[in-house]
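Below is a briefing on a single protein chain. Please look over the sequence and the model before reading the points that follow.

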Amino acid sequence: MPDPVSTDPNPAMHFFPSPLPFAARSRRRLAALLAAGCCAMASPGAQAQDTWPAKTIKLIVPSAPGGGVDTVARIWANCAAARIGQPVVIENRAGANGLPAVQALKQAPADGYTLLIAGMSQLTITPYVYAKPPYDVARDFEGVSLVVSSPYLLVASPGSKIDRFADIGKAAAAAPAGLNFGSPGTGSPAHLMSAILADKLKAALVHVPFQGEATALTSVVGNQIDLAPFIAGRALGNVKAGKIKALAVLGSARLADLPTVPTVAELLGSAELAHGSWTALMARSGTPAAVVQKLHAATQQCLQEPDVVQRYQGMHAVTLPGTRADVADYIRRDTDVWKPLVARLGVRND
């Protein structure tokens with residue numbers, strides 16, 4: 001039925017509206033008040049997303065200052081701070097293959113103000129070297145974006161008799177207790193890669209874990225350790241200075257700086273040993289989707305900025321722009337490699 005007020009030829013003669021339109025308007029007012037109430041109740045979360053970031057962001061790094069992951073993190077932080085309009089401060093939590101760093105993110109609020117720059121180790125190895133996994137990557141964290149990838153370089157100490165990859169087996173056979181190989185810690189990618197190498201070469205290699213890459217590299221340079229794999233950017237300076245000897249690239253392609261050094265795929269045909277290192281930006285699970293998307297968008301801009309690309313190239317790292325789904329794909333791909341290997345080797349960090 002049409003509204004009597006709107007169809008009356010002399011609406012001005014009505015001092016009060018008729019009962020029907022009054023009831024209709026009352027219902028409309030009530031619906032409007034209820035809608036406003038709902039919006040008011042939802043507004044704190046919506047406002048948090050709309051105003052993010054309103055304060056400094058903390059980026060947790062699972063290594064000591066000066067390490068490869070630390071440098072990756074600082075390059076990202078400098079660029080991202082300018083993109084999102086708030087400072088990004090670095091908090092280094094080294095040791096235990098990044099477990100303290102991962103736990104710090106797990107315990108932080110899911111608000112996008114605490115992030116983690118995680119390596120392949122924390123996302124695909126560390127959870128499985130404990131009888132009771134300390135965290136579940138898929139359940140506890142949100143992948144924001146991949147950042148960079150870099151190959152490993154297998155090197156030998158300057159005083160060793162290992163000048164080429166082919167010398168490893170002979171040197172190991174000649175050493176009564178086998179050769180020592182170093183890594184940043186039990187269950188690290190360097191540890192697992194060396195274990196695969198020992199298995200394929202049928203060579204006696206004894207693992208010596210260190211607290212981080214820096215101390216392991218110092219020990220190789222000082223002839224205290226025979227062999228070790230390092231992220232290429234970490235080792236190249238010492239190779240060029242003649243302080244260590246490059247034996248093989250543990251990656252998919254030779255390095256432009258070392259064109260005569262073969263890849264492990266060329267030498268052994270090993271896909272397992274051709275896995276390079278990579279890093280990803282992670283947030284707490286439950287972080288608002290709009291906040292994660294803002295972080296992802298800022299990261300994509302940074303990864304395609306010429307200055308950022310050049311700085312990463314200077315440390316022999318390749319930027320990995322892409323989608324958020326790429327993070328999950330990388331995690332799944334490498335977990336399928338490292339998880340069964342950890343079980344087969346009996347690697348435990350309990």
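Six strands make up an open sheet of mixed pairing, in the order β2-β1-β3-β10-β4-β11. Strands here are DSSP runs of E of at least two residues and helices are runs of H or I of at least four, both numbered from the N terminus; two strands pair if DSSP finds at least two bridges between them. This is a predicted model, in which local features need pLDDT of at least 70 and side-chain atom pairs count only at pLDDT 80 or more, while totals for chains, interfaces and linings use all residues. Residues are numbered from 1 along each chain as its sequence is written, and side-chain values use heavy atoms, with hydrogens and water left out.

- β1 and β2 run parallel and are joined by five bridges; V61 stands opposite N92 in β2.
- Strands of a sheet pair through backbone hydrogen bonds, either parallel or antiparallel.
- Helix α3 (residues 68–84) lies across β1, β2, β3 (114–119), β4 (141–150) and β10 (277–284), and runs at about 160° to β2. Such angles run from 0 to 180 degrees between N-to-C directions, with axes fitted to C-alpha atoms, for helices over the stretch in contact.
- The chain has 14 helices and 11 strands.
- Of its 350 residues, 47% count as buried, where buried means under 20% relative accessible area, exposed means over 50%, and partly exposed is in between (1.4 Å probe, protein chains only).
- Among contacts (heavy atoms within 4.5 Å) between residues at least 6 apart in sequence, 76% join residues at least 24 apart.

**Nonpolar cores**

- A nonpolar core is a set of buried Ala, Val, Leu, Ile, Met, Phe, Trp, Tyr and Cys residues joined through side-chain atoms within 4.5 Å.
- The largest such core has 52 residues, and I168, L227, M282 and W338 have the most contacts inside it. Helix α14 (residues 325–345) supplies the largest share of this core, six residues.
- Apart from this core lies another, of 33 residues, including V292, L295, L303 and V308.
- Leaving aside neighbours within four places in sequence, I168 is in contact with L154, I162, L179, L197, L201, L227 and L247.

**Aromatic pairs and charges over rings**

- Rings of Phe, Tyr and Trp (its six-membered ring) pair if their centres lie within 6.5 Å; planes under 30 degrees apart count as stacked, over 60 as edge-to-face and the rest as tilted. By this rule there are three aromatic pairs.
- The W52 and Y113 rings have centres 6.2 Å apart and planes at 50°, so this pair is tilted. W52 is in the loop between α2 and β1 and Y113 in the loop between α4 and β3, 61 residues apart. Both W52 and Y113 are buried.
- W278 and Y330 form an edge-to-face pair, at 5.4 Å centre to centre with 85° between the planes. Because W278 lies in strand β10 and Y330 in helix α14, the pair ties together parts 52 residues apart in sequence.
- W278 is buried, at a relative accessible area of 1%, whereas Y330 is partly exposed at 23%.
- A charge sits over a ring if NZ of Lys or CZ of Arg is within 6 Å of the ring centre and within 35 degrees of the ring normal. K55 lies over the face of Y113 at 4.8 Å from the ring centre, and R333 lies over the face of Y330 at 4.5 Å.

**Backbone exceptions**

- Most residues other than glycine have a negative phi, and most peptide bonds are trans.
- The peptide bond from W52 to P53 is cis, with omega near 0°; P53 lies in the loop between α2 (19–51) and β1 (57–61).
- N97 has a positive phi of about 55°. This residue is in the loop between β2 (88–92) and α4 (99–106) and is buried, with a relative accessible area of 10%.
- H316 also has a positive phi, near 60°. H316 sits in the loop between α13 (306–314) and β11 (318–319) and is partly exposed, at 24% relative accessible area.

**Surroundings of Y135**

- Y135 lies in the loop between α5 (120–124) and α6 (137–140) and counts as buried at 3% relative accessibility.
- Not counting residues up to four places away in sequence, Y135 touches L99, V102, K106, Q122, T126, P127, D140 and F141.
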